[in-house]
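Trainee: I'd like to learn how to read helix packing and sheets. Please take me through one case after another.

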Amino acid sequence: MKFTDTICSIITGIGPSAVSIIRLSGEDSIEIAGKLWGGKREFKSIESHRAVLGNIVDNYSGQLIDEGLFIIMKGPKSYTGEDVVEIQSHGSFIGINYILELLIKNGARHAEAGEFTKRAFLNGKLDLTKAEGIIDLIEAKNKQGLQFAAKTIGGTNFSEVNNIISNIVEILAYLEASIDFPEDDVPTLSTEEKFEKINRIKEDLQLLLLRSEKSKYINEGIRILILGEPNVGKSSFLNLLLNEERAIVSDIPGTTRDTIEEYLTIGKIPAKIIDTAGIRKSEDLIEKIGIEKAKDSIEKADLIIYMIDLSQEYFFDNDEIFDLIRNKNKIILLNKIDILNKDEEIDRIKKHFTGEIILPFSTKGKRYLDILEKEIENIFIDSSYDFNEGAFITNVRQKGLLEKAFIFINQALNSVINEMEDDFITIDLYDAKSTLEEIIGNNVNEDIMHEIFSKFCIGK
Ligand SMILES: Nc1nc2c(ncn2[C@@H]2O[C@H](COP(=O)(O)OP(=O)(O)OP(=O)(O)O)[C@@H](O)[C@H]2O)c(=O)[nH]1
Ligand SMILES: [Mg+2]
């Protein structure tokens with residue numbers, strides 16, 4: 001696709017730094033960057049993909065701005081597929097803005113968020129899975145997420161989806177031939193062959209969906225809600241996880257008044273953790289926090305950490321809070337074991353909460369953290385699963401389309417089983433095909449494209 005305008009933007013972080021990079025992309029990028037070039041050689045004669053040092057000069061006033069490296073990358077061998085120039089200057093806020101203003105004065109336009117990558121996509125330099133992989137890589141919250149994203153950029157997801165599309169096309173070719181030329185001697189598929197071929201596609205999709213499900217929490221993270229009576233150590237627990245004094249801790253019950261939310265990583269899992277005001281059993285829970293609000297945050301949570309203060313006697317007679325979380329993933333922490341380590345009391349609580357994960361704990365020191373982290377990972381990640389093998393579709397948009405394609409394939413398979421006419425089978429196969437094509441970006445509309453690329457940061 002040919003764009004007539006040339007866009008520019010800083011592509012490194014903003015703020016004082018050793019080096020910043022400004023990128024220009026478009027037909028006139030060499031011409032425009034050349035206006036600021038204060039080096040010895042004629043700018044246009046510089047070889048592609050070669051870094052050359054020269055002055056950066058204001059072509060209107062003649063003022064010297066900085067010294068920098070200029071790199072011309074002639075299309076199509078560039079990020080966007082267009083002629084690109086990158087200027088590496090010192091990372092001065094004033095200097096960078098000066099250069100950008102000049103580029104604009106000389107005919108460039110400031111790039112919108114994601115516009116470089118959008119051009120790369122429209123010029124066929126990358127498909128949508130790779131484009132979305134770039135966002136995931138930039139935003140990766142841990143090494144595993146980074147690895148998924150890097151593989152996506154490497155093309156793993158693209159090729160697995162593309163293979164399935166090719167397999168669908170192959171069956172369609174057979175079916176169409178027998179529909180269009182029923183009298184002729186074209187090769188046809190028996191019901192068994194149709195079943196076998198379409199079933200293989202179903203299995204391929206199932207595998208992709210399974211991998212996507214297995215990696216869900218690694219990618220999307222979890223919400224952890226800390227609940228318990230006042231003074232049991234909820235805020236101390238939050239602080240211990242964060243390794244900082246984030247929440248106020250005191251021995252006065254009712255210290256935390258509102259919820260406190262923070263982000264952290266537990267093992268492989270990114271998590272949002274929410275500390276709450278203690279819930280007093282003696283008081284009317286409904287009045288205290290508003291049942292709807294409590295239910296809402298409980299419902300949204302993937303894991304409840306329910307804390308009990310071992311140094312106080314725990315009364316079971318009024319398990320209102322517990323009733324609310326009965327059906328949730330939860331871990332019960334018997335806190336303050338450093339003060340009181342009484343086996344009978346622990347046994348008594350364990351007996352009451354049979355079937356629950358119950359861990360002795362103390363927020364004084366880190367010695368109980370490892371076990372807790374393992375338990376959390378066990379709940380959300382299948383540790384026996386090999387996360388290195390194959391494609392992991394982690395993007396929510398792509399996952400939704402996979403599910404949709406799976407339904408179409410299932411319908412096609414049912415048509416085969418019920419020995420319906422080939423017409424019925426092909427309709428669903430075509431729908432499955434175009435749904436999968438949307439994943440890699442072969443037939444996405446402008447709105448979807450806008451939505452995807454607007455998620456990028458400026459300069460990407
Ligand atoms: N010995 C001991 N004291 C603890 C432990 N955890 C918390 N405490 C103490 O218990 C008191 C209450 O701790 P917080 O973390 O404020 O408890 P909370 O559950 O957030 O209390 P509220 O916000 O009032 O609901 C403080 O004096 C803490 O120092 C622990 O594991 N061992
Ligand atoms: Mg608190």
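Trainee: How do α7 and α14 run against each other, roughly parallel or roughly antiparallel?

Mentor: Two packed helices are described by the angle between their axes and the distance between the axes. Here the axes of helix α7 (residues 191–214) and helix α14 (residues 396–417) come within 9 Å and cross at roughly 160°. The pair is therefore roughly antiparallel (under 35 degrees counts as roughly parallel, over 145 as roughly antiparallel, 65 to 115 as roughly perpendicular, and the rest as oblique). Axes are lines fitted to C-alpha atoms, for helices over the stretch in contact, and angles run from 0 to 180 degrees between N-to-C directions. Helices (H or I, at least four residues) and strands (E, at least two) are DSSP runs, numbered from the N terminus.

A word on the source: this is a predicted model, where local features need pLDDT of at least 70 and side-chain atom pairs count only at pLDDT 80 or more, while totals for chains, interfaces and linings use all residues. Residues are numbered from 1 along each chain as its sequence is written, and chains are lettered from A and ligands numbered from 1 in the order in which they are written.

Trainee: Which hand does the crossing of α7 and α14 have?

Mentor: α7 passes α14 in a left-handed crossing (left-handed if the near helix is turned anticlockwise from the far one by less than a right angle, right-handed if clockwise). On the α7 side, the residues that meet α14 include Phe195, Ile198, Leu205 and Leu209. Their counterparts in α14 include Leu402, Phe406, Ile409 and Leu413. Contact here is a matter of C-beta atoms, placed from the backbone, lying within 7 Å. The residues of this contact divide into 13 nonpolar, 4 polar and 4 charged (Ala, Val, Leu, Ile, Met, Phe, Trp, Tyr, Cys and Pro count as nonpolar, Asp, Glu, Lys and Arg as charged, and the others, Gly among them, as polar).

Trainee: And how do the axes of α6 and α7 cross?

Mentor: Helix α6 (residues 156–180) and α7 have axes that come within 10 Å and cross at roughly 165°, and so they are roughly antiparallel. This crossing, too, is left-handed. From α6, Glu160, Ile164, Asn167, Ile168 and Ile171 take part, and from α7 Lys197, Ile198, Ile201, Asp204, Leu205 and Leu208. By class, that contact has 7 nonpolar, 1 polar and 3 charged residues.

α6 also packs with helix α15 (residues 422–440), at an angle of about 155° and with the axes 9 Å apart. They are therefore roughly antiparallel, and the crossing is left-handed. Sixteen is the count to look for on the nonpolar side: 16 nonpolar, 3 polar and 5 charged.

Trainee: On to sheets. In what order do the strands around β3 come?

Mentor: Strands of a sheet pair through backbone hydrogen bonds, either parallel or antiparallel. This open sheet of 6 strands reads β3-β4-β5-β2-β1-β6, with mixed pairing (two strands pair if DSSP finds at least two bridges between them). β3 (51–57) and β6 (109–110) each have a single partner strand, so one side of each is left without a neighbour in the sheet. β3 and strand β4 (residues 64–73) run antiparallel, joined by 7 bridges. One bridge to find: asparagine 55 with glutamate 67 of β4.

Methods. Contact = placed C-beta atoms within 7 Å.
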